[in-house]
Amino acid sequence: MKKAIYPGTFDPMTYGHLDIIKRAANIFDELVVSVLDNKEKTPLFSAQERVNILKEACKDIPNVKIESFEGLLIDYCEAKGIYVVVRGLRAITDFEYELQMSQMNRKLSNNKVDTVFFNTTLKYSYLSSSGVKQIAQFNGDLSAFVPDFVADLLKERFKR
Ligand code: PNS
């Protein structure tokens, strides 16, 4: 059974993330989408809220599991016995950071953990969670970027 982990901050999940999830779920038998719970950062949505968003968005994809993790990704991979990491590449600007991260993870895991890159579908190549948050902050139209229930949560959050 081929399994993979798609880790990320997902603050919040966008259609770009969802596109990667669907495509990876078509290739792997099981895909664990895992939210980084970084206690040193203050994301807009808590780890549990980000998990809930992903669970709702992925509820019809049977081979996708949603979890969260803390600490090093390679330790989480080892704990789960899953050694393939999925990441999306939007543009060349992502490449350097992603390459560095994948090389580090490979080295740290004694060549056990490999990263597989999905090139982002062109129509989402400009999309980012931080862009989505800025649009939400100024009450812009989010319909092309996130599912409606996520747009509602964002609007609610920025009302405060
Ligand atoms: O969605 P993001 O913010 O681009 O995801 C980055 C993420 C969560 C994949 C990355 O920061 C990560 O794996 N963090 C866990 C800590 C870790 O293992 N760092 C070493 C990799 S260089």
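Modeller: We can go from the overall fold to two single residues. Keep in mind that this is a predicted model.

Biologist: How many helices and strands does the protein have?

Modeller: The secondary structure amounts to six helices and five strands.

Biologist: And what pattern do they follow along the sequence?

Modeller: The order is β-α-β-α-β-α-β-α-β-α-α.

Biologist: What is the radius of gyration, and what would a compact globule have?

Modeller: The protein has 15 Å. A compact globule of 160 residues would come out near 15 Å, so the two agree. Along the principal axes, the C-alpha atoms fill a box of roughly 45 × 35 × 30 Å.

Biologist: What share of the residues is buried?

Modeller: Of the 160 residues, 44% count as buried.

Biologist: Switching to charges. How far apart are the mean positions of the positive and negative ones?

Modeller: They are 1 Å apart, for 22 positive and 21 negative charges.

Biologist: Now Asp-19. Where does that residue lie?

Modeller: Asp-19 is part of helix 1, which covers residues 15-27.

Biologist: Is Asp-19 buried or exposed?

Modeller: Buried, because its relative accessible area is 15% and the cut-off for buried is under 20%.

Biologist: Which side chain does the Asp-19 side chain join in a polar contact?

Modeller: That of Arg-23, at 3.0 Å.

Biologist: And which residues does Asp-19 touch, leaving out those up to four places away in sequence?

Modeller: On that count, Asp-19 touches Thr-121 and Tyr-124.

Biologist: How far is Asp-19 from Gly-88 in space?

Modeller: The C-alpha to C-alpha distance is 9.5 Å, while in sequence Asp-19 and Gly-88 are 69 residues apart.

Biologist: One more residue: which helix holds Asn-105?

Modeller: Helix 4, residues 92-108.

Biologist: Why does Asn-105 count as buried?

Modeller: Because its relative accessibility is 10%, and buried means under 20%.

Biologist: What is Asn-105 in contact with, leaving aside neighbours within four places in sequence?

Modeller: Asn-105 is in contact with Leu-73, Ile-74 and Val-113.

Definitions and conventions
Residues numbered from 1 in each chain as written. Predicted model: local features only at pLDDT ≥ 70, side-chain atom pairs only at ≥ 80, totals over all residues. Heavy atoms only, no water. Helix = DSSP H or I, 4+ residues; strand = E, 2+ residues; numbered from the N terminus. Rg over C-alpha atoms; globule rule 2.2 N^0.38 Å. Buried < 20%, exposed > 50% of the residue type's maximum accessible area, 1.4 Å probe, protein only. Lys, Arg positive; Asp, Glu negative; His and termini not counted. Charge placed at Lys NZ, Arg CZ, Asp CG, Glu CD. Contact = heavy atoms within 4.5 Å. Polar contact = N/O pair within 3.5 Å; in protein donor to acceptor, adjacent residues only side chain to side chain.
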